[in-house]
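This report describes selected helices, loops and core residues of one protein model. Please consult the sequence and the coordinates alongside the text.

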Amino acid sequence: MGQVTFSDAVYLAMGIGALGAAVLPRLVFRRPLSMPMVFLAAGMLIAVVPVGVPVVEPGRHRLWVEHAAELCVIVSLMGAGLALNRPVGLRSWMSPWRLLGISMPLTIAAMAAVTALLLQWPLAPALLLAAVLSPTDPVLAAEVRVGEPTDAEDDEDEVRFSLTAEAGLNDGLAFPFVLAALALAAAPGGGTAAGWIGQWFLVEVLARTAVGVAVGLVAGRLLGLLFFRARPSALRLSEHMEGFVALGATFLAYGAAELLHGYGFLAVFVTACTIRAAERSHGYHQVLHEFTEQIERLLTAFLLFLLGGFLVAYGLPSLTWRGALVGLLLVLVVRPAAGWVSLLGVGSGRRERLVTAVFGIRGIGSVFYLAYALGHGEHFGAHAEQLWAVVAFTVLLSVLLHGATATPVIRRLDRLRRSSPTPP
């Protein structure tokens with residue numbers, strides 16, 4: 001027999017991880033545990049045990065960390081958009097609109113102030129950390145997001161619907177604030193001059209958002225016609241029930257939007273929602289959703305395993321108590337308060353508002369945004385180590401806290417909803 005190589009161990013680990021990604025969701029179902037918790041803990045354990053497995057350091061491996069997280073997020077966004085049963089509308093989507101337009105800016109402003117005060121950072125890196133941690137995550141939110149596509153438009157409770165739609169929208173709309181931090185750092189005088197604000201608002205907020213939405217609408221409309229109404233049966237892909245087509249739709253929308261300088265994350269989610277609207281009750285949506293969910297699970301397991309190793313080897317040793325306090329304040333105070341304020345006056349009851357406000361899960365999207373920003377901004381080098389430490393700790397905190405509480409909280413909310421149909 002030949003000598004055992006490191007690649008052999010990698011194949012073994014990949015096989016165990018893939019099987020775990022398939023089995024764990026069923027094992028932890030209805031338990032105060034989640035698949036992300038298990039894989040994160042496994043990565044931390046492997047980093048502690050002296051088995052010679054290398055640990056990823058984002059500073060040195062930034063490019064592929066960025067693209068791996070990017071891929072995971074866009075696949076998750078396609079699955080989230082396909083799963084939503086409720087048609088897009090101003091009134092029917094009032095909760096996610098408010099979470100996006102009120103809660104997210106409040107969170108960014110509060111976290112930038114907290115970071116500047118606690119860590120004594122300049123405004124640019126403080127804003128970057130706030131923007132990176134601002135979006136809720138569609139990747140790690142399995143316990144509190146909608147399930148598979150169904151025929152009924154009202155087959156979604158307000159909590160799951162709001163968190164799923166919010167995650168789909170704000171993972172794209174956090175980008176303008178990340179770019180604002182980059183512009184602020186590059187501005188003359190360290191950002192004291194305000195000349196960049198007008199161009200940032202017109203280009204990064206308005207123009208690129210409009211391009212992302214437009215690409216999503218056009219791509220979704222064309223793909224919907226192709227899937228469900230193409231005259232040649234060979235092109236009417238819904239009749240062949242092939243799930244990998246979801247990846248084609250995802251990459252098409254994302255690539256087109258990015259080439260046109262729009263927000264690809266937003267384009268992917270809008271594309272998914274538009275495809276769903278093309279033939280809302282068709283069973284093909286479930287096939288597409290199941291395929292994206294399987295790919296998402298594999299990518300999530302891989303990234304969380306690596307994140308666990310990074311936390312043990314680099315993240316937690318570099319973390320200061322002030323950095324840990326920033327993460328704690330975000331998860332326990334800032335997001336719940338901002339979410340609660342944004343949902344005042346919405347038709348859901350107090351319990352639903354509280355759960356929606358509290359379960360603003362942070363995850364893989366934050367990893368992508370930070371890797372992207374550090375690769376495109378040379379002014380954050382002095383803060384890179386602490387930025388990674390705070391972001392990784394916040395994701396760890398969110399995975400543990402939300403992963404342990406999501407299942408019992410949501411189950412109790414479902415029981416209370418069934419016994420008390422009228423919101424309290």
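## Basis and terms

A residue is called buried when its relative accessible area is under 20%, exposed when it is over 50%, and partly exposed in between, with a 1.4 Å probe and protein chains only. The model is predicted: local features need pLDDT of at least 70, side-chain atom pairs count only at pLDDT 80 or more, and totals for chains, interfaces and linings use all residues. Residues are numbered from 1 along each chain as its sequence is written, and side-chain values use heavy atoms, with hydrogens and water left out.

## Loop residues with positive phi

His261 lies in the loop between helix 9 (245-259) and helix 10 (264-278); helices (H or I, at least four residues) and strands (E, at least two) are DSSP runs, numbered from the N terminus. Phi of His261 is near 65°, a positive value in a residue that is not glycine. His261 counts as exposed because its relative accessible area is 58%.

Gln120 is placed in the loop between helix 4 (94-119) and helix 5. Its phi is also positive, at about 60°, although Gln120 is not a glycine. With a relative accessible area of 62%, Gln120 is exposed.

## Helix 7 and its surroundings

Helix 7 (residues 175-186) contains 12 residues and reaches 17 Å from its first C-alpha to its last. This is close to the expected 16 Å at 1.5 Å a residue, where the expected span is 1.5 Å times one less than the number of residues. Nine of the 12 residues are buried, and the helix is thus mostly covered. Among the buried residues are Phe175, Leu179, Ala181, Leu182 and Ala185. The buried residues of helix 7 pack against helix 5 (123-133), helix 6 (158-173), helix 8 (196-229) and helix 14.

Tyr372 lies in helix 14 (residues 364-376) and is buried, because its relative accessibility is 16%. Leaving out residues up to four places away in sequence, Tyr372 is in contact (heavy atoms within 4.5 Å) with Arg62, Glu66, Phe175, Leu179 and Leu182. Tyr372 and Val65 are 307 residues apart along the chain, yet their C-alpha atoms are separated by 9.4 Å.

## Nonpolar cores

A nonpolar core is a set of buried Ala, Val, Leu, Ile, Met, Phe, Trp, Tyr and Cys residues joined through side-chain atoms within 4.5 Å. The largest such core has 110 residues, of which Leu128, Phe227 and Phe380 touch the most other members. Helix 15 supplies the largest share of this core, 12 residues. Beyond its neighbours within four places in sequence, Phe380 is in contact with Ala124, Pro125, Leu128, Ala181, Leu182, Ala185, Leu374 and Leu387. A second, separate core of nine residues includes Val159, Val355, Ala406 and Leu413.

Ala389 belongs to helix 15 (residues 384-419). Its relative accessibility is 1%, so Ala389 counts as buried. The contacts of Ala389, not counting residues up to four places away in sequence, are Gly315, Ser318 and Leu319. The C-alpha atoms of Ala389 and Leu311 are separated by 7.7 Å, although the two residues are 78 apart along the chain.

## Cysteines

How many disulfides does a search of the whole structure find? The search finds zero, a disulfide being counted as a pair of cysteine sulfur atoms within 2.5 Å. Cys72 is buried, with a relative accessible area of 0%. Cys273 also counts as buried, because its relative accessibility is 12%.
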